[in-house]
Amino acid sequence: MTATEDPRRQATEWVELVEPGWSRVITLVGSNTKNIRVYPDGTWRFWHLCKVVDGTGIICAPALRLDGGHRVVTEDPLTIDPSILCPDCGAHGFVRDGRWVPA
Ligand SMILES: [Zn+2]
């Protein structure tokens, strides 16, 4: 990854646009800018440093589609099927054996 591809190097501040109230954060080996947040209502979200707009970094967490799209195969270590894609920034990868694996 080059400097221009890494949003952390472009942002002067970060704004977190993530629904509060998660009960669990599952870290992913291989990325310190992405994790999975689990909410008491059963929602799972893909938390990540998403994009930079005019120097301001945006952190967002789109919900996984557990109602017919995604499936949590195992929770420990975490494996989710199929891949996760953020429609906003194009982040695309697999969560397998607790790791983030870029697609
Ligand atoms: Zn994104």
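Predicted model: local features only at pLDDT ≥ 70, side-chain atom pairs only at ≥ 80, totals over all residues.
Colleague: Which residues make up the largest nonpolar core?

Modeller: A core joins buried Ala, Val, Leu, Ile, Met, Phe, Trp, Tyr and Cys through C-beta atoms within 7 Å. Buried means 20 or more other C-beta atoms within 10 Å of the residue's own; exposed, 12 or fewer; partly exposed, in between. The largest core here has 11 residues: Leu28, Ile36, Trp44, Phe46, Trp47, Ala61, Leu78, Ile80, Ile84, Val95 and Trp100. Strand S4 (44-53) and strand S7 (78-85) are the elements that each give two or more residues to this core.

Colleague: In what order do the five strands of the open sheet run?

Modeller: Strands are DSSP runs (E, at least two residues), numbered from the N terminus. Two strands pair if DSSP finds at least two bridges between them. The five-strand order is S1-S5-S4-S3-S2, with mixed pairing. Strand S1 (13-17) and strand S2 (24-28) are the edges, each pairing on one side only. The twist from one strand to the next averages 30°, using axes fitted to C-alpha atoms and angles from 0 to 180 degrees between N-to-C directions.

Colleague: How many bridges link S1 to strand S5?

Modeller: Five, and S1 runs parallel to strand S5 (residues 56-60). Glu16 has Ile59 of S5 as its bridge partner. Of the five residues of S1, zero are buried, so S1 lies largely in the open.

Colleague: Is the pairing of strand S3 with S4 parallel or antiparallel?

Modeller: Antiparallel, over five bridges, with S3 spanning residues 31-38. Val38 stands opposite Trp44 of S4. Trp44 is also one of the core residues.

Colleague: Which strands stand at the edges of the other sheet?

Modeller: That open sheet has four strands in the order S6-S7-S8-S9, paired antiparallel. Strand S6 (71-75) and strand S9 (99-102) each have a single partner strand, so one side of each is left without a neighbour in the sheet. Its neighbouring strands are turned by 25° against each other on average, direction ignored.

Colleague: How many bridges join strand S8 to S9?

Modeller: Four, between antiparallel strands; S8 covers residues 92-96. Arg96 has Arg99 of S9 as its bridge partner.

Note on methods. Residues numbered from 1 in each chain as written.
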